[in-house]
Amino acid sequence: MLMIASLVCGLVFGAGLLISGMVQTTKVLGFLDIFGDWDPSLAVVMGAALAVSAPGFLLVRRRAQPLFAAQNFWPTKMSIDRPLVVGAALFGIGWGLVGLCPGPALENLATLSPAVIVFALAMAAGMVVHRLWQATSSKMINEATLRTAADG
């Protein structure tokens, strides 16, 4: 059942991206060009997304357990730290440079555009590099903790 729910959610998300124009790089870049030929239509998309998702999150927060999983996986980290700021900056820079973020990039792979394929490959490479960096950092922290432990 979880697979079917995931498929339906993915299809609804993809349809929303397609209908809203978020997969059109020119539309996204027009929205981000606030000092040029600004296209504010994506602000309506963002407002509509908030109007739909906010009540949904309120309803889900009231439930003890999700419908199709054993437990909720709410974010536990509440602080703004360097990795969050760097990640947000990289996301924003990438979005502003080419007008694509991960969802529309994956959806645009169906066009077989070489530029989109290069973007998706670079995005996947960035994810792999992040995983490796995170694993290395965790290993270094664990080793430092063991070296400074009272018994060891």
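Trainee: Leaving aside neighbours within four places in sequence, which residues is Asn 108 in contact with?
Mentor: Asn 108 is in contact with Val 23, Leu 100 and Val 116, once its neighbours within four places in sequence are set aside. Keep in mind as we go that this is a predicted model.

Trainee: Okay, and where is Asn 108 found?
Mentor: Look in helix α5 for Asn 108.

Trainee: Is Asn 108 buried or exposed?
Mentor: Asn 108 is buried, because its relative accessible area is 11% and buried means under 20%.

Trainee: Let's stay around there. What about Leu 112, where is that one found?
Mentor: Leu 112 is in the loop between α5, which covers 102-108, and α6. Its relative accessibility is 62%, so Leu 112 counts as exposed.

Trainee: What is the phi of Leu 112?
Mentor: Leu 112 has a positive phi of about 60 degrees, although it is not a glycine. For background, most residues other than glycine have a negative phi.

Trainee: Good to know. Switching to Ser 20: which helix is it found in?
Mentor: Ser 20 belongs to helix α1, which runs over residues 2-20. With 16% relative accessibility, Ser 20 counts as buried.

Trainee: What does the side chain of Ser 20 reach?
Mentor: There are two partners to look at. The side chain of Ser 20 reaches the backbone oxygen of Gly 16 at 2.8 Å, and it also reaches the backbone nitrogen of Met 22 at 3.4 Å.

Trainee: And which residues does Ser 20 touch, not counting those up to four places away in sequence?
Mentor: On that count, Ser 20 touches Lys 27, Leu 42 and Val 45.

Trainee: Lys 27, you say. Which residue does its side chain meet in a salt bridge?
Mentor: That would be Asp 39: the side chains of Lys 27 and Asp 39 meet in a salt bridge, at 3.4 Å from N to O. Lys 27 lies in helix α2 (residues 25-32) and Asp 39 in the loop between α2 and α3 (41-62), so the pair ties together parts that are 12 residues apart in sequence.

Trainee: Why can side chains pair like that?
Mentor: Because side chains of opposite charge can pair when their charged atoms come close.

Trainee: How does Lys 27 count at 22% relative accessibility?
Mentor: Lys 27 counts as partly exposed at that value. Asp 39, with 22% relative accessibility, counts as partly exposed as well.

Trainee: How many salt bridges does the count come to?
Mentor: The count comes to 2 salt bridges.

Trainee: Are Lys 77 and Asp 81 exposed or buried, or something in between?
Mentor: Lys 77 counts as exposed, at 53% relative accessibility. Asp 81 is partly exposed, with a relative accessible area of 22%.

Trainee: How do the lining residues divide into nonpolar, polar and charged?
Mentor: In the lining of the largest pocket, 17 residues are nonpolar, 5 are polar and 4 are charged.

Trainee: Since α6 came up, which helix is the place of Leu 146?
Mentor: Leu 146 is in helix α6 itself. With a relative accessible area of 62%, Leu 146 is exposed.

Trainee: What separates the C-alpha atoms of Leu 146 and Ala 110?
Mentor: Those C-alpha atoms are separated by 49 Å, and the two residues are 36 residues apart along the chain.

Trainee: Last one: where does Ala 70 lie?
Mentor: Ala 70 lies in the loop between α3 and α4. Ala 70 is exposed, with a relative accessible area of 68%. Its C-alpha atom and that of Ala 144 are separated by 35 Å, with the residues 74 apart along the chain.

Terms used. Residues are numbered from 1 along each chain as its sequence is written. This is a predicted model: local features need pLDDT of at least 70, side-chain atom pairs count only at pLDDT 80 or more; totals for chains, interfaces and linings use all residues. Side-chain values use heavy atoms; hydrogens and water are left out. Helices (H or I, at least four residues) and strands (E, at least two) are DSSP runs, numbered from the N terminus. Buried means under 20% relative accessible area, exposed over 50%, partly exposed in between (1.4 Å probe, protein chains only). A polar contact is a pair of N or O atoms within 3.5 Å; within protein, one must be able to donate a hydrogen and the other to accept it, and residues adjacent in sequence count only if both atoms are side-chain atoms. Contact means heavy atoms within 4.5 Å. Ala, Val, Leu, Ile, Met, Phe, Trp, Tyr, Cys and Pro count as nonpolar, Asp, Glu, Lys and Arg as charged, and the others, Gly among them, as polar. A salt bridge is a side-chain nitrogen of Lys or Arg within 4 Å of a carboxyl oxygen of Asp or Glu.
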